[in-house]
Amino acid sequence: MSEAHPYRSRNAKGVMDSCGSLRAADVGRTVTISGWVNRRRDHGGLIFLDLRDHYGITQAVIEPDEPAFAETDKVRSEWVVTITGKVVARTPETVNKDLPTGEVEVRIGSLKVQSQAQELPLPVFGDLDYPEDVRLKYRFLDLRRERLHRNIMLRANIVTSIRRRMIEQGFTEFQTPILTASSPEGARDFLVPSRRYPGQFYALPQAPQQFKQLIMVSGFDRYFQIAPCFRDEDGRADRSPGEFYQLDLEMSYVTQDDVFAAVEPVLAGVFEEFANGKTVTKPPFIRIPFAEAMLKYGTDKPDLRNPILITDVSDVFARGDVEFKAFKNKTVRAIPGPGAGPQPRSFFDKLNDWARSEGAAGLGYIILEDEGGKLTGKGPIAKFIPAEALADLTKRCGVGAGDALFFSADAKDDRAAKIAGLARTRLGQELKLIEDGTFKFCWIVDFPMYEWNEEEKKIDFSHNPFSMPQYDRGKFLALDKDDKDTILGLKAYQYDIVCNGYELSSGAIRNHDPDVMLKAFEIAGYAREETEEKFKGMLNAFRHGAPPHGGTAPGIDRIVMLLAGEENLREVTMFPMTQSAQDLLMNAPSPANAKQLKELHLRVVMPEAK
RNA sequence: GGGGGCGUAGCUCAGUUGGUUAGAGUGACGGCCUGUCACGCCGUAGGUCGCGGGUUCGAGCCCCGUCGCUCCCGCCA
């Protein structure tokens, strides 16, 4: 303790002083603290500096007859300074109750400028909103601001909590390669050219999928990793372009229920820890089969805070006494609008316009009114629906006088379901029915193994090609490519976790049987030799004793986004790219020089100008 | 790849039907001010109205193209 520290002093207990540490108990001490000048208030004779660091804000003050006055007079916002001075108590009327350090201030005895700041493109002080490109280019300034700084710390704390909870559940963290092989199916890969093998490429992992399965085959159990995942796909508000993080996990000798039982307490626990007063679904989370989700919610990621439930009413419009031609021979889904009856005509017109903009033919509706104790329908299509049919509709959809009922109709089931789902969300928002202050979890289970690709007229994997089909092994191996209906009806041990309308996690019980795997890929159009070649390592492993295994991979970024109350991943990512996948701070991507290209045996062919 | 929104001072924004010299707040700079904590008061500087083209006597405003950011569709096993 003999030599003074150049930036930060310590108290008698050896605890470091900072811009957030000083309290009334420190009055009388001489301290050294460093930080950014958050704000400067010049009273001519008297200068106040609010000094800010990671830990907080402390007011410093100096009077004109002090030796350090001239130096203090020079400093501006965001300069970095070190001050040494005496901690004094503020007079009662000058205490700032909004600051934890507000009972004291530091009298500047000496001040050293460590770093100056040019005029700021983005003020750190204040909480105004600024353009995204400026925020990204000057991310280091944005990160100094309270909101982002808080979000990033929240993220770090959440990740720490997840690690602790996983380890407490008996999981072990393993690292997996970043430079690996490209895999077919799925998203577009990022490729890394090989210097030593001309014309050959590594790929960045879209997820450590095959590695975690190999870890299970290698005899380890209960793997997890906060894993970076790379996918060359375009961004969305809830999907970063290029890269993101997953809580990747895998377990051996487990059923689907075992995976659920392992994951639920971790997610529920971490949400409860950071929910900040919001309620969280208690495990076990309810399980909704995919088909039921598509019917009742019109999506495989339902927001259960929205009380609206969709009902299939195709049969009502198929009845002989219902003569509404536009709905005949179509899938018709009814979406209740509780309490929407009194809304003005413009409300219904706007919804109809919106539905058309989503590609629907429109959004039909009837408004339900009480006419002398009798429930009647009003609106453009009400006249086509006789009383008996109307009674059936209202009973099945659980609506009454004062409510409205909307209809999504399409020749194709999935399109009718999708529009109904969008309408459900929109109605929930417009009618303010979405419950606030809660995180509602559910599992979506029994995803279809395959789906029909209309464009290419072929069968595709609908989700994860490594999932185990829910089907008798012998019958599966005997399937013919022409058993289209059977194949498209197959379900997989494939499941998602959904929270408040966001897909948080996707997982499966894996297919660890090489014969079933070859068959599964064959059905999706991959020749056996092709599958052997693409998954050589994994198939080989499966032929040397593979345990049944399964897992899932919750998205870290989305978990943090939900807990931070943000609606965009960039608000919880330290150094995000733009939606068009550019890093404006580090200037990536950028051209490679001739030497680099030569070493990699690459030549650039620019796209032709339009 | 496609559709919508936005783009005016360092920053946040206003800008009428197309009409003289494009404004305000904030920040910067200078002056005044001893208890502020969004300090206050006075003054100064700061603009290729994203860029290019067109219509017009005249364009920040209208038209076409283009660039950037963003939201969405496609895509995301």
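Let me start with F201, which at 42% relative accessibility counts as partly exposed, a class lying between buried, under 20% relative accessible area, and exposed, over 50%, with a 1.4 Å probe and protein chains only. F201 sits in strand β8, residues 201-203, where strands are DSSP runs of E with at least two residues, helices are H or I runs of at least four, and both are numbered from the N terminus.

Before I go on, this is a predicted model, in which local features need pLDDT of at least 70 and side-chain atom pairs count only at pLDDT 80 or more, while totals for chains, interfaces and linings use all residues. Residues are numbered from 1 along each chain as written, chains are lettered from A and ligands numbered from 1 in the order written, and side-chain values use heavy atoms, without hydrogens or water.

Turning to the whole chain, chain A has 18 helices and 24 strands, and 47% of its 610 residues count as buried. Its C-alpha atoms fill a box of roughly 95 × 75 × 55 Å along the principal axes.

Now to the backbone, where cis peptide bonds join P283 to P284 and A588 to P589, each with omega of about -5°. P284 is in the loop between β11 and β12, whereas P589 is in the loop between α17 and α18.

Finally, two residues other than glycine have positive phi: Y253, near 50°, and D446, near 60°.
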